[in-house]
Amino acid sequence: MHGLVFDIAHLLAGGLVVVSMMMLYQDRLYALLNVFALHSLVLTLSVAWQAYIQDAPHLYVTAAIALIFKAIVIPVVLHRMIRQLGIHREIETVVGIGPTMLAGIGLVALAMVVMLRVTPGANPLVREDLAFALSVLLISLLVMVTRRNAVSQVVGFMSLENSLVLAATGAKGMPLVVEISVAFSILVAFIVIGVFLFRIRERFDTVDVAALDDFKGRMRK
């Protein structure tokens, strides 16, 4: 039974890394949002499984928050936001998909090496969850820095928060009140970002970060 518990937890946490890698080669906003919804769904399953094996009922609340807000509400809102803003559906990247995928693989390897070496005395399940969480965090940062569209950067930011939830639940160190406050802080941040996206689109007729940088450079001149 212990081996099965470990294998399922390993599968779910590793699945989160795989879905994170899927974000790197998406070239359309709708596809990226669908992958993010899948990302949040896998997180929900992982947290629920951790709640079961740790006998921690409060983690079911965390799983429910991830399912309702991250897997359903936020993707639906972003879909509607894209339609209302009339944003170009294709995602422009700073570098090509190939180099980005290679960089993502390198970051996963780096996360595994670093985390497994700095936690030699920890529980094996905790060590692997932390390694997977760090992998997801680094990939999310890579999504943010290699995408020029502001909406795709919001998705990277949300998936980064998913990695923090995975780390917290795997390490058994975050109480319920902190989990709920973090979740609602992210929700408030998402609302604020949404307002800014509408204002940016209204003012500059684009949400391309590179175009905004060009405008800022012209203003300085």
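Mentor: Happy to! Helices (H or I, at least four residues) and strands (E, at least two) are DSSP runs, numbered from the N terminus. Residues are numbered from 1 along each chain as its sequence is written. This is a predicted model, so local features need pLDDT of at least 70, side-chain atom pairs count only at pLDDT 80 or more, totals for chains, interfaces and linings use all residues, and side-chain values use heavy atoms, with hydrogens and water left out.

First, the setting. The protein chain has eight helices and zero strands, in the order α-α-α-α-α-α-α-α from the N terminus. Of its 221 residues, 44% are buried, where buried means under 20% relative accessible area, exposed over 50%, and partly exposed in between (1.4 Å probe, protein chains only).

Now to helix H6, residues 150-171. Two packed helices are described by the angle between their axes and the distance between the axes. Axes here are lines fitted to C-alpha atoms, for helices over the stretch in contact, and angles run from 0 to 180 degrees between N-to-C directions. Angles under 35 degrees count as roughly parallel, over 145 as roughly antiparallel, 65 to 115 as roughly perpendicular and the rest as oblique.

With H5 (residues 124-146), the axes come within 8 Å and cross at roughly 170°, so H5 and H6 are roughly antiparallel. Their contact (heavy atoms within 4.5 Å) includes Phe 132, Leu 137 and Met 144 of H5 and Phe 157, Leu 160 and Leu 164 of H6. By class, this contact has 15 nonpolar, seven polar and one charged residues. Here Ala, Val, Leu, Ile, Met, Phe, Trp, Tyr, Cys and Pro count as nonpolar, Asp, Glu, Lys and Arg as charged, and the others, Gly among them, as polar.

With H2 (residues 29-54), the axes of H2 and H6 come within 10 Å and cross at roughly 10°, so this pair is roughly parallel. Among the residues in contact are Leu 32, Phe 36 and His 39 of H2, along with Val 155, Met 158 and Asn 162 of H6. The contact of H2 with H6 has 11 nonpolar, 10 polar and no charged residues.

Asp 55 counts as exposed because its relative accessibility is 66%. Its phi is near 55°, a positive value in a residue other than glycine.
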